[in-house]
Amino acid sequence: MRAIHVSTLAPRAEKFDLYSTVLSALTWRKYNGEIVHICDKQSAQFYEEFDVWDSVKPIIPDDLEGINPTMFWAAGKLLALRETDSPVVMLDKDFIVWKKLELGDSVVAAHREDLNPGVYPDVSYFQMQTGYRFNPYFNYTALPLNTAFLYLPDEDFKQFYVNMAIEFMKSAHDCSDYLRYMVYAEQRLLALCADFLKHPVETLLDKDRLFEPQADYTHLWGEKQKMRDNPDAEREFNTRCRARIMRDFPGYEHIISIIERIKP
Amino acid sequence: MKCCLWLNGVKVWNARDIKNNFDPTSLRGYFMGGSLLRWLEANGGEEEAKKLEETGNIEYAFGMTEKPKATPPGYACGASEQGNTEIPALFPPDAGTCSAGGKFLAGGTAAGSGSSLAGGSGSASGSLGYGLYII
C-alpha cells in the first residue's frame, strides 16, 4: 500500500521529530510498502540527505495557494492528498505502524474524537467570507476523525473531502485561532463527508481505549511538548530511537549522524 | 481527472449532467478546492471551465443565470448573498470566539497541549502519546 508523508514550511530541527519521521518511514516500508514524501521546496531542501522515502515530490506550492499557514498549519496535507491518487495512506510523521495492515474499501482513520465543544465548536463559531455555505445536509453530530493515520481507498470520496476542506480553509477569515479552524477542515469535515456520502469508516483504535497497552501503533502526539519541556525525556527517547534504527534498519545508521549534526 | 463529482448526493461523470444535478454548495467546494476546472476540462466541460475561469460565477458557468456584470468582492462563486446557511446550534456558545473583525478573543482552551496539534488533536487526553514504549 502506498503511503505519503507530508512536509510544508521550514521544518523545526527537533531531533525527536526527525527520529520519529525516520522510524515512521522505514517501518512503513518494512511492513506495508512504498512511502512518498510530498513537500514544498523548503522542506525538500531540509530533508535532502534523508534517504528514507522511496521518492520525494516537492509539489506543494510555497504559498499554500493563499491559505493562511498559521491558522491552517496542516493545509499541506490536504493539498498533497488532492494531488495523490487513491488508494493512499497519509501518515503523520509522528505516527508509526508496527505491523502489516489489511486495508479494504472503508476509509480508515487513527481514531474518533469526542465532539468537545472547546475544540470542535458549533459551526456558527466560524467567521467565513461571503459566499461560503455550511452544507445544510451534513449531520453535524458525526464524531470527528483523527487523521494522524488516514487511508482513503476511493478517489471520488477523496476528491469530495479534500475539495470541501480546501474550500473551507480558503474561505475562512483570518484570525488567531490556530486550532478550531484547522481541526474542522481536516478532522471534522472528513467525518461529515463520509457520513453524508454514506462511505464506510473504520478506525485503527477505539477512542476510549487509546491508552491501553497495544504494540501496533505509536503516536507521539502530546509527548512532543513533554520532550520540549524535559530534555532528559527527549534524550531518552532519542537514545531508544537510535537503538531501534541500528537494530531494525542497519543500512540506515548514517541517518543518525545526519540528525545528530543538525543544529536546532 | 479520473473521478466523479458528488452533487446532491449523486455521482456525476460528465459535464452535461451537472445542470440536472445542480448543487452550488458542492460545486463551489470543488471550484475553491482547486479541482473543478481540471475536472471540467477532462470531462467534456471545456466551455463551462472557460466561463468559470473568466467570471468565477458557478450559476453563470452552468447556464443557470445571465452573465454577471461584475463580481462583488468576496462573492466569488455566485453563492447566496446571505452567505452562511443558518444551522441550528448544536452546542452552547464556546468561550473562545472570533469576533467579526477577525480578532481572537481568548477564553476557551483547547484540550491537550499545543504539541498535540502536530498529530491532530481534540481528545481530552490529548496531552499524551500512545504506544511509545514499543520503540
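Q: In this predicted model, what makes Val89(A) a partner of strand β7(A), and which residue does Val89(A) face there?
A: Val89(A) has a bridge partner in β7(A), namely Tyr151(A). That pair belongs to the contact between β4 (residues 88-91) of chain A and β7(A), two antiparallel strands joined by four bridges. Two strands count as paired when at least two bridges link them, so four bridges meet the rule.

Q: What stands opposite Tyr151(A) on the β6 side?
A: Val108(A) stands opposite Tyr151(A). Strand β6 (residues 107-112) of chain A is joined to β7(A) by four bridges, also in the antiparallel sense.

Q: Why are β3 and β8 of chain A said to stand at the edges?
A: The open sheet has seven strands in the order β3-β2-β1-β4-β7-β6-β8 (chain A), with mixed pairing. Both β3 (55-57) and β8 (201-203) have a single partner strand, so one side of each lacks a neighbour in the sheet. From one strand to the next, the twist averages 30°.

Q: How do you know that residues 72-126 of chain B call for caution?
A: Their pLDDT stays under 50, on a scale that runs from 0 to 100. Where pLDDT is low, the predicted coordinates should not be read in detail.

Key: Residues numbered from 1 in each chain as written. Chains lettered and ligands numbered in written order. Predicted model: local features only at pLDDT ≥ 70, side-chain atom pairs only at ≥ 80, totals over all residues. pLDDT = per-residue confidence, 0-100. Contact = placed C-beta atoms within 7 Å. Axes fitted to C-alpha atoms, helices over the stretch in contact; angles between N-to-C directions.
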